[in-house]
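Look over the sequence and the coordinates before reading on.

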Amino acid sequence: KLVANLGRHLFKLFQHPSLAIVKAAGLIMKALIEEGDDEIARKMQELALAEGALPRHIHIALFTSSTDNRLLTHRQLSRHLISLWITGNPTANALLHRMLPLGLVQFLESEEKVPDKEIDRMHVRDNLKAVQLSRRKLNVVESTLLHWRSRLKSKPNPHTQPIALRKRRQNVRSEANWSLFYYKFMLDHATSNLIWNYKTREELREALENEIRSFTVDKDLSGTTNISWNHVEFEVRYESLSEEIKIGDYYLRLLLDEG
């Protein structure tokens, strides 16, 4: 709770030019939401919106394309934070629906498997391996000091308790199929409920970058006054689809073609 009380200061670290500091801040945020109580998780979710962190990390999660392991790790961390900030958060879910077409968001509810699963780059601690490594180190120390025990005529304590690390808690866990969502995001779609291609991706990128830039300028001009991102009014309009006739959530032209 002491770390959670730093709230806004922690979110400011996400704007630091050093990727190492950004990663450290992200891992702290991840631990706060996953292992903290409901109040802490809710507070971090609210601040992710107020501080404009959600659109910044969505931009990283969707548009980072690199072979640099540091950038790919940053992207993976951003993707994990997004899932934690949106899970059980109606306000963030509503924002996601204003940013992306419904046909794309619906992939989060699909049970379809991703062809190639992304490798874990965040070095999640393996408790079993850590315990085994600790035991091996302890055995080496005991062997080294064996002659001292002999001199003192002492025997190793057979009741020595093995070293065990506590299991990581996950109070907030996303059940959405984010892996499939990111996979489908990079593909082109032309179906009755989804038109998605290079042009629409670029329109989303431009909208996010403009919003992030605008909010950053506003924060700089505000000085020491805390201001919050007006996420309620943010919506992405896809001009390339403006001439498409829609009936509800379906594109009439493609619906007729499918029929």
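Accessible areas come from the Shrake-Rupley method with a 1.4 Å probe, and for residues only the protein chains shown count as cover. By that method the protein has an accessible surface of about 16300 Å², with 54% of it on carbon and sulfur atoms. The model is predicted: local features need pLDDT of at least 70, side-chain atom pairs count only at pLDDT 80 or more, and totals for chains, interfaces and linings use all residues. Residues are numbered from 1 along each chain as its sequence is written, and side-chain values use heavy atoms, with hydrogens and water left out.

**Overall make-up**

- The protein has 12 helices and 4 strands. These are DSSP runs (helices H or I, at least four residues; strands E, at least two), numbered from the N terminus.
- Of its 259 residues, 38% count as buried. Buried means under 20% relative accessible area (1.4 Å probe, protein chains only).
- Contact means heavy atoms within 4.5 Å. Among contacts with a separation of 6 or more, 78% come from residues 24 or more positions apart.

**Helix α4, the enclosed one**

- The buried set includes Ala 53, Pro 55, His 57, His 59 and Phe 63.
- Cover for these buried residues includes α1 (7-12), α3 (38-50), α5, α6 (90-99), α10 (178-185) and α11 (198-222).

**α4 against α10**

- The axes of α4 and α10 come within 10 Å and cross at roughly 65°. Axes are lines fitted to C-alpha atoms, for helices over the stretch in contact, and angles run from 0 to 180 degrees between N-to-C directions.
- That makes α4 roughly perpendicular to α10 (65 to 115 degrees).
- Ala 61, Leu 62 and Phe 63 of α4 meet Phe 181, Tyr 182 and Phe 185 of α10.
- This contact divides into 6 nonpolar residues, no polar and no charged. Ala, Val, Leu, Ile, Met, Phe, Trp, Tyr, Cys and Pro count as nonpolar, Asp, Glu, Lys and Arg as charged, and the others, Gly among them, as polar.

**α2 against α5**

- Helix α2 (residues 19-35) and helix α5 (residues 69-86) have axes that come within 10 Å and cross at roughly 25°.
- That makes α2 roughly parallel to α5 (under 35 degrees).
- On the α2 side, the contact residues include Leu 19, Val 22, Gly 26 and Ile 33; on the α5 side, they include Arg 70, His 74, Leu 77 and Trp 85.
- The residues of this contact divide into 10 nonpolar, 4 polar and 4 charged.

Definitions and conventions: Parallel < 35°, antiparallel > 145°, perpendicular 65-115°, else oblique. Buried < 20%, exposed > 50% of the residue type's maximum accessible area, 1.4 Å probe, protein only.
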